[in-house]
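Walk me through this structure, with the cut-offs stated for each term.

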Amino acid sequence: MGNLDHWKGALASMQQVREMQDQAPVPPVPEAPVRPLAFPPGMAGEIARYIHDTAIRPVPEVAIVGALGLLAGICGLRWKLPKSGLNLYLILVARSAVGKEAMHEGISSLINACARDIPTARKFVDFSDYASGPALIKGCFSNRCFVNVSGELGRRFKRLALEEGKDGPLGTWRTQLTNLYQKSTPKSMVGGINYSNTDNNVESIDGASYSLIGETTPGTFLESITDSMMEDGFMSRFTVIEYEGERPPENETAMVTMPPLPHVTSLLKALITQSDLLAAKNEDIKVLRSESADAKSKAFNLECDGRINGETREARRQMWNRAALKAQRIAALLAVADNHLFPSINDDHIDWAIALVRRDIATFTKRLDGGDVGDSDDARLSKLVLILKAYLLTKVSESYKVPDSMRQNSIVPRNYIQITTSKYAAFYKHKLGATRAMEETINSMIGNGYLMEVAKDKVVDAYGFHGKAYRVLRLPEL
């Protein structure tokens with residue numbers, strides 16, 4: 001009977017901890033200068049609007065990712081910038097049930113409409129899941145220019161994080177994905193893969209424009225990004241477009257049964273025809289820039305250089321590493337959509353592309369500042385600082401049994417810190433567990449003069465509180 005009472009008490013304690021975790025105030029996240037995403041200018045915007053208008057739950061960000069991915073899949077190899085093709089890696093981040101599937105449905109509808117007249121249209125879009133690096137290279141060997149549309153890309157990133165440091169299939173996928181980003185000009189060499197069993201060998205090819213678009217939820221995606229993904233340049237190849245809004249109302253007038261508008265299909269057919277023609281001749285078209293667009297592009301490139309040189313933390317340096325290149329590729333795709341025979345980037349193209357890349361950087365900056373990306377000491381410090389700020393500014397739930405006078409006097413109980421930090425990936429992914437991660441972070445803050453432990457007898461006398469507690473002396477500006 002004694003054992004039964006013991007287990008009943010333990011279960012009740014566990015339930016209380018869960019309830020307190022659920023009621024914990026959410027740390028305030030620094031505001032990022034993110035504005036609603038506008039449709040791209042020109043014909044690229046027309047493609048995005050079609051995907052948007054035919055969606056049951058229309059979201060501009062979903063439609064824009066689909067439109068850019070489709071253009072990259074068709075135009076990535078045969079139109080080029082100096083030493084670069086126009087392939088893109090795009091990730092749509094949005095909560096579940098907001099209509100992310102419209103990206104897949106819109107692309108399928110457009111390609112199927114084109115394939116009625118041009119059967120080769122379907123080769124530019126691939127919905128396969130490549131399980132390894134060799135599988136991906138074989139896919140590029142048989143099809144040198146396409147966009148790979150992936151569902152739940154965040155889950156793949158999560159598995160990739162679990163396999164990090166191992167030479168498993170997803171590790172080879174990551175390696176080839178990293179290499180392919182820069183191999184999108186016709187004269188680039190995409191390396192082959194040799195095995196002891198020669199039947200499994202993969203031949204090298206001259207140039208492959210592989211584009212990737214996928215969607216995921218914020219939690220799955222952010223928890224899967226490791227510090228090495230940020231620091232070795234893997235994530236800098238991706239442009240992340242986040243939709244933070246609510247589930248949109250159902251679009252009762254969605255053109256779900258209507259074919260794409262004639263001017264949209266005419267454009268896509270022209271691009272597909274021209275791409276096939278250039279491939280047959282092994283030729284390509286250089287995308288030019290107007291004088292003012294060239295000046296803006298160079299100015300943004302210099303800004304990126306300055307941001308990199310002025311930052312010591314590698315993850316934040318990498319956010320700017322390929323920012324200028326991504327903006328140029330996006331702007332070039334917009335230019336090709338407007339004039340595929342004589343494409344030239346104008347001010348509207350480069351302005352929109354730079355704004356999109358800035359939005360991507362602002363999103364990651366906000367997440368890094370909030371301790372939501374990675375599981376490093378910096379991530380844990382950022383998260384604990386935000387938790388403490390929330391504690392000092394907001395009266396905590398009564399379930400914590402923390403006298404409000406303690407909070408008003410900047411004293412925080414250890415068990416409050418333990419409960420609130422344990423639900424964040426930066427802590428629970430620590431190799432020694434969430435509690436050890438918390439203790440190390442607290443000790444670091446004590447050593448740096450942000451916290452100090454309060455004598456137990458003083459806490460008991462003043463507040464009737466038994467247990468460790470810390471006084472917040474000051475908090476760092478992140």
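Which residues does Arg-407 touch, not counting residues up to four places away in sequence? Arg-407 touches Tyr-391, Leu-392, Leu-393, Thr-394, Lys-395 and Val-396, where contact means heavy atoms within 4.5 Å. This is a predicted model, in which local features need pLDDT of at least 70 and side-chain atom pairs count only at pLDDT 80 or more, while totals for chains, interfaces and linings use all residues. Residues are numbered from 1 along each chain as its sequence is written, and side-chain values use heavy atoms, with hydrogens and water left out.

Arg-407 is part of helix 16, residues 404-408 (helices are DSSP runs of H or I with at least four residues, numbered from the N terminus). With a relative accessibility of 11%, Arg-407 is buried (buried is under 20% relative accessible area, exposed over 50%, partly exposed in between, with a 1.4 Å probe and protein chains only). A polar atom of the Arg-407 side chain lies 2.8 Å from the backbone oxygen of Leu-392. The Arg-407 side chain also makes a polar contact of 2.8 Å with the side chain of Asp-404 (a pair of N or O atoms within 3.5 Å; within protein, one must be able to donate a hydrogen and the other to accept it, and residues adjacent in sequence count only if both atoms are side-chain atoms).

The cysteines are a separate topic. The count of disulfides is zero, a disulfide being a pair of cysteine sulfur atoms within 2.5 Å. For Cys-145, the closest cysteine sulfur is in Cys-75, 7.6 Å away, so the pair is too far apart for a bond. Cys-145 is buried at 8% relative accessible area, and Cys-114 is buried at 0% relative accessibility.

Methods:
Helix = DSSP H or I, 4+ residues; strand = E, 2+ residues; numbered from the N terminus.
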